[in-house]
Structure formats: structure tokens, C-alpha cells
Amino acid sequence: MPETLHSVCALDCPDACGLLINVENGAGRRLRGDPEHPVTRGFLCGKVARYLEREYSPDRLLYPQRRLGAKGEGRFARISWEEALDEITARLKSIAAAFGPESILPYSYGGSMGYLQGAGMDRRFFHRLGASRLDRTICSAAGGVGLTESTGFKYGTEPEQFRHSKLILAWGANILGTNVHLWPFIVEARRSGARLYTIDPHRNRTGELADRHFFINPGSDTALALGMMHVIIGENLYDADYVARYTSGFEALRERAAQYSPERVAAMTGIAKDEMIQLAREYATVRPAVIRLNYGLQRSERGAMAVRAISLLPALTGSWKEAGGGAVLSTSGAFQLNRAALERPDLQLQSSLGREARTVNMSQLGLALNELKNPPVKALVVYNSNPAAIAPNQNSVLKGLTRPDLFTVVLEQFQTDTADHADILLPATTFLEHTDVYFAYGHYYLQLARPVLPAPGDTRSNVEVFRLLAQRMGFDDPCFRDSADDMIRALLDSDHPFVKGITIEELDREHFVRLRVAHNGGAFLPFSAGGFGTASGKCEFKAETLEYTPPVESRHGEQVLREKYPLELVSPKNDDSMNSTFGYRPDTDRQTSALKIHERDALTRGITHGDQVQIFNDRGSCLLIAKIDASVAPGVVCAPSTRWAKNSPAFRNVNALTSERLTDKGGGPTFYSCLVQVEKSGD
Ligand SMILES: Nc1nc2c(c(=O)[nH]1)N[C@H]1C(S)=C(S)[C@@H](COP(=O)(O)OP(=O)(O)OC[C@H]3O[C@@H](n4cnc5c(=O)[nH]c(N)nc54)[C@H](O)[C@@H]3O)O[C@H]1N2
Ligand SMILES: Nc1nc2c(c(=O)[nH]1)N[C@H]1C(S)=C(S)[C@@H](COP(=O)(O)OP(=O)(O)OC[C@H]3O[C@@H](n4cnc5c(=O)[nH]c(N)nc54)[C@H](O)[C@@H]3O)O[C@H]1N2
Ligand code: SF4
Ligand SMILES: [Mo]
């Protein structure tokens, strides 16, 4: 009998959709969005509507394998789970004995947003082992710091409230591409007269449909925010009552903003003076106005400051008070579950180290593999991530991954660039095949999904693999025998008012449960009456440290660099894929092989539409196909990311160009502060 079962999309996406799947004789037939889910509202993005192709792809990894060829070559032979686990255990034990357990480095990120598969048994295992801890900075670290410095919490306006807005600023946020379930709320708002403006160096899919697009110089958002404050304060358009009650440091802010005259800001941002003034006036006077900032704008050298500056704007205008006002970067901070009970950092004390292990920044994997000492990294265990394709400074990363003395284990669904570098490659289940609980970073619903399809071949979930490894390592703490449900119960054991009382039974029954952020299903208006999470309980302007300096790698940055490499490269998300997850799809590969370049920059280089071009800087080079279009301003080139390096000529993608320089705060990567030169390629 065909049946309809419930699941949750586990991809690294703010929308965290509720799914329905039709299953017949154990085979998935069709996926669709759950019509009951208040944010999914019955539809899926294009990439996941086709997810069953991935589920049943002939390219899925189904058996454990041992590498035969050279690292990176991709030749493997099938082995049994017994052999695989024995070899991994023996190697990890001997490496830990010889170099100390910190010579073992886990590397994981967004393959699954599930708590269990992403931060469950794996964390317990590495904590007990005493392995180096991974600082998971690669996506949102800078923005997280910026936001908490101003508002104290990592949450903001709920998506459902966007329908009440009259002005929506998509600031470094490609809503239609990366957060498509916000779009229907914006459509609703626009039907009632709202305007949508985009602020982005790339006029993306969202920008094309906006009422107005502002081309901003990459990395200059702090200047724009300060310029808007200049106008808002100077013209007395701020909410004096809200400012007096719920903010601190206003007088210093007034002085600081006064320094950012529209003329100065225009030169910094590339946005004309009158347009900037107009934007500030509209933002302050059209009510309610909401800002959707996303992570795009914090992948620059000044990313934390940019997010901090922008997230001060709704406090200045009092826009937090209104349904359809405020701002949102993430909602993740509202999911105050008991992560310590799930991850068990206390197990580190039971390790042979007997103390907390060092942390290694994942945005500097190349440095970690090639230069870290005391101890050096001798073993790398990768899951939920494809660092060979997505980590910055690819030449350095690949140099590290091909080190003959590095023992590498990769848990994967597909034969990625990173999988090609494994010594032992383990086949992983998909979210349709394992149990997990999901938070979201674009809404306020906690969700549970049970397996809806059988795990094919010899695939195993991350939870199972780390449970088996723990047994073989002789780790006897009872937590290593926990079932998925035991782990979920531990996670739900939290007294925080947003989550208190949510049970596994409720999640099983309802599939999605709204966090207790508001009473009786009412709107969640964070900060409508203050309640900021800062030390003072107020929104802190801290104007003494609020200032704009251009990124070193930018048109106003270091002179030697910008003369040699005059173009600014941004490599934002591809609309129809998910980082490198779908890199094996030919249509995805085509989309991510493009370099968008303005006609003026193409002309001066003798480049015509469709030419193969070489993009290069001191760190490396890669080959892409020139696409001359007006979606970027002169001086900026844009390459949708992230392609599989092995499908690219010369085995390099855009991350051969990006640097391991870190953001101003948070230790985040600076993917979008990247100077390059482009020329027509000979071959
Ligand atoms: N289709 C699709 N959806 C995805 C993903 C995907 O790969 N594909 N990835 C997921 C992940 S991991 C994440 S983190 C989210 C990210 O979601 P977003 O943050 O929306 O995505 P990005 O493409 O990183 O950046 C958004 C926009 O910021 C712009 N930008 C770059 N530099 C600057 C700048 O200095 N200032 C301003 N104002 N804008 C700038 C980029 O040009 C881009 O248009 O999306 C998730 N959803
Ligand atoms: N140039 C450039 N580089 C970027 C970015 C950019 O915008 N530009 N964006 C950055 C950002 S924001 C992010 S978040 C990172 C994303 O980088 P990653 O988190 O590495 O994301 P993906 O490339 O999608 O790789 C996730 C992998 O996890 C695997 N996977 C999925 N589910 C499971 C599971 O249950 N178990 C196991 N073992 N594996 C699983 C998938 O098959 C996939 O290969 O990339 C960063 N890199
Ligand atoms: S990738 Fe995002 S939009 Fe697409 S189904 Fe998954 S959660 Fe929904
Ligand atoms: Mo991300």
C-alpha cells in the first residue's frame, strides 16, 4: 500500500522544510513540502524536489572502501565494515599514543543540520578521545559575534511577520536563491504595497525582482549603515523614546555617525549620495521596515562589524516594536536545547589528555594540516563536509590532504573531492534513512524526523559509526550505548523557557513544534520592549569601536595588491544547489562554472561572452567560462559556488583564490574579500 510519511530536509538551509514523501513497497516515489508546516507551506526548492534522484543515484557510496591509488586519484577497493573499523581504531590508537590525541582532528560542517548526525555521538567520541576540537567558523562565526555584540542574542524577526512589512531590505541576502520560503511572505507584503530593496555587489535572482537594487562595494556595509545613521539622526528620524528606554550609548553614536557624511559614504560604498540619503529616509519613515540580512555580507574581512552596524538600525528607529519590523540574520539562538548533554564536552576530562583539548579553526584547514605543531595533525576524520572543495586556500588544503603521513577517514554519501583523499571511505545514510531532530536558522520550529526509507547497501549513519568506533576504542561511558531516542531526550532536557516541556512524544506526534517564544500562537516580537541579551540588557551602540575600515583585499585596500589584482571576486551561493553537495550533477556543474563579469572589464581584457578565462592571484588560479552581464558592477566579478574541484579544469575551483585570512572577529573565513586578475585563457 502506498503511504505518505513525514520527514525534514537536513540540508544547510535556513528554511529547514517539513517534507512529505510517498512511499510504495519501501521505495520513495515523490517528495513535496508539508502543507501544514507554517513556513514550508507545501512547496520545496527545486534542488530538493529532485532529492530522490540523489537518494537512488548510481553514484551513491554503498560500501566501505580502502584507497588503492594515490591520494586524490579516486581509486578504491571494497572492504567490510569489520576491516574498516579495525583499521581506523588501530590507526587512531597508534597515532594518539605516538603524538597525543590532539593530533587527531575531526572536520565536519553542514551536510546535516540534524543535532544527532551533526553534533551527537561524533562529539562524544572525539571529546572522550581528547582529539583537537574544531572551531566551526566556516559559515556564520563573524555574523554571530556581530549580532550578539549589538542585540545579545542570535535571533530576530520571525519569517511569518514579514507579511506585515512595508519596506523590506534584503541586505547581503539572496532570498529567492537561499531562503526561498521567506519569499511568499514577501509576495504577500508586496501585494499590500510593500517595497523590496536589495543591497548586494551582485544583482542576483532576488535583486532582479526587487523594486530597487543598490550595488555596494564588497565589504563596505558598515559604511552604509553608518551613513544611514548619519541621515536618520541628523534629520531627527530616530525613535527617541525607544532609544532612551532600550539602548545605550546614543550620544556617542550621534558623534560617530556625524563623521560618516553622505559624500564620504558614497565614496566608500559606491552608492550615490542621493540614493543613500533616500534609502535612509525611507528606512526610517516607511513603517514597518524589516531587514533580512544574511550571511553573505559577513564573509568579508569586516564581517562582524558589518553585521553589528546593520543590526543597530532597528533599535535606532524603534522598528523592533512593530510586527513586520526588526531584523533577522538567524533564528538559531532561540533553540536553547541541552547541547552539553548531547555533546558531552565533560568527557574530555576522561581522555588521556585529562583536560580540554586545543581548538583548531576550520577556516584555516590548510594551515592546520601544513603548519600546525605540538602536535601536528596526523589523522583527519571528515563527515558532513567536503573541505577539498569548500575550504579557502584550496592549494594549501590539497597539499595537506595529499600528505602521505596523514591518515584520513571520510564518511560520505558521494565520491567528493575530499572522499578521493581518504585512506578509509565510509558510506553514509541520507536524512531519509536516519532519525534526527532539527533546529532551524530561518524559523522557530523544532522538528523530528524518523527514517522513511531503508538504508541502501552497507550505509550507516554518523551516529552508528561513532558508536561502533567508541566500542572498539574501549570507551565504556554509558552514553556511548545511547539510542537515538536517548540522545534526543538528553537534548530536550532544558529549562530554557523557549523549549521547556517539549517532549519526544510531542515531536513524534506533531513533527514540528513551535518554540515557546510567544504566548498562544501570537507573534514573536523580540526586543519590542527591550529584553536584549547584552550585559546591560540594552541594545549597545558602543560607538567608540564602531567604525569602517576597508578590507585589505578590496578596491580601497592594500595598494600593491589592488594594482596587481584589480578585480574583487565574490563567490556566493548558487541558486539551484547547496554548497558542493550536488557537485556531481551536470546542470549544477554548468551553473558553477561561470564567471560573471561586467562588459567594461571584459572589453579591456579582450574577453567575449563564452570565453574560457583564467582567474588568478598569488594563491592560485582557476578556469571558468566568462559570462558578460550587468549583474555585477565594473570592478567586481562573481562566480556562483561551489563546484567540485575534480570536475573543473586543472582540479581547482574558486577556492584556489580565496584566502585563509580571518574576519575581524569570530575567526570566520573571508571568502568575499578576494582580489583577483582575470584574463582570456589560452587553452
Ligand atoms: N540555493 C542555495 N541555497 C543555500 C546554499 C546554497 O549553496 N545554495 N547554501 C546555504 C548556506 S551554507 C548558507 S550559509 C546560506 C547563505 O545564504 P545567503 O547569505 O543568502 O547567501 P550568500 O550567497 O552567501 O550571500 C548572499 C548575498 O550576499 C552578497 N554579498 C557578498 N559580499 C557582500 C558584501 O560585502 N555586502 C553585501 N551587502 N552583500 C554581499 C552575495 O553577492 C550574495 O548575493 O544559504 C544556504 N542556502
Ligand atoms: N568560495 C566559497 N566557498 C564557500 C562558501 C562560499 O560562499 N564561497 N560558503 C561557505 C559556507 S557558508 C559553508 S556552510 C561551507 C559548506 O561546506 P560543507 O558544509 O562542507 O558543505 P557541502 O559542500 O554541501 O558538503 C556537505 C557534505 O556532507 C555530506 N553529507 C550530507 N549528509 C551527511 C550525513 O548524514 N553524513 C555524512 N557523513 N555526510 C553527509 C554531503 O554528501 C556533502 O558532500 O562552504 C563554505 N565555502
Ligand atoms: S534546501 Fe532549504 S528550501 Fe530546499 S527543501 Fe531543504 S530546507 Fe527547504
Ligand atoms: Mo553556510
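Start your tour at Ser-571: a backbone N or O atom of this residue lies 2.9 Å from a nitrogen atom of ligand 2. That is a polar contact, meaning a pair of N or O atoms within 3.5 Å; within protein, one must be able to donate a hydrogen and the other to accept it, and residues adjacent in sequence count only if both atoms are side-chain atoms.

A quick word on what is on screen. This is a predicted model, where local features need pLDDT of at least 70 and side-chain atom pairs count only at pLDDT 80 or more, while totals for chains, interfaces and linings use all residues. Residues are numbered from 1 along each chain as its sequence is written, chains are lettered from A and ligands numbered from 1 in the order in which they are written, and side-chain values use heavy atoms, with hydrogens and water left out.

**Stop 1: ligand 2**

Stay with ligand 2 and select Glu-412, whose side chain has an N or O atom 2.5 Å from an oxygen atom of the ligand. Next, pick Gly-110; here a backbone N or O atom sits 2.9 Å from a ligand 2 oxygen atom. On its own ligand 2 has 920 Å² of accessible area, and the protein covers 98% of it (Shrake-Rupley method with a 1.4 Å probe; for residues, only the protein chains shown count as cover).

You get 31 residues, with Ser-385, Glu-412, Lys-573, Ser-580 and Thr-581 coming nearest. By class, the shell has ten nonpolar, 16 polar and five charged residues. For the classes, Ala, Val, Leu, Ile, Met, Phe, Trp, Tyr, Cys and Pro are nonpolar, Asp, Glu, Lys and Arg are charged, and the others, Gly among them, are polar. Colour by domain (bounds from an automatic or database domain assignment): domain 1 (65-139 + 346-514) and domain 3 (559-680) each give at least three residues to this shell.

**Stop 2: ligand 1**

Move to ligand 1 and select Asn-204, which has a side-chain N or O atom 2.8 Å from an oxygen atom of the ligand. Gly-296 places a backbone N or O atom 2.8 Å from a ligand 1 oxygen atom, and Asp-575 places a backbone N or O atom 2.8 Å from a ligand 1 nitrogen atom. Taken alone, ligand 1 exposes 900 Å², of which the protein buries 99%.

Around ligand 1 there are 32 residues; Asp-200, Gly-219, Asp-221, Ser-577 and Asn-579 come nearest. The shell splits into 13 nonpolar, twelve polar and seven charged residues. Domain 2 (141-329) and domain 3 (559-680) each supply at least three of the shell residues.

**Stop 3**

Zoom in on Arg-287 and Pro-288: the peptide bond between them is cis, with omega near -15°. Pro-288 is in the loop between α14 (273-285) and β12 (289-293); helices (H or I, at least four residues) and strands (E, at least two) are DSSP runs, numbered from the N terminus.

Another cis peptide bond joins Asn-374 and Pro-375, with omega about -10°. Look for Pro-375 in the loop between α18 (365-371) and β15 (379-383).

Finish at Asn-236, in the loop between α10 (221-234) and α11 (240-246).

Note on methods: Near = heavy atom within 4 Å.
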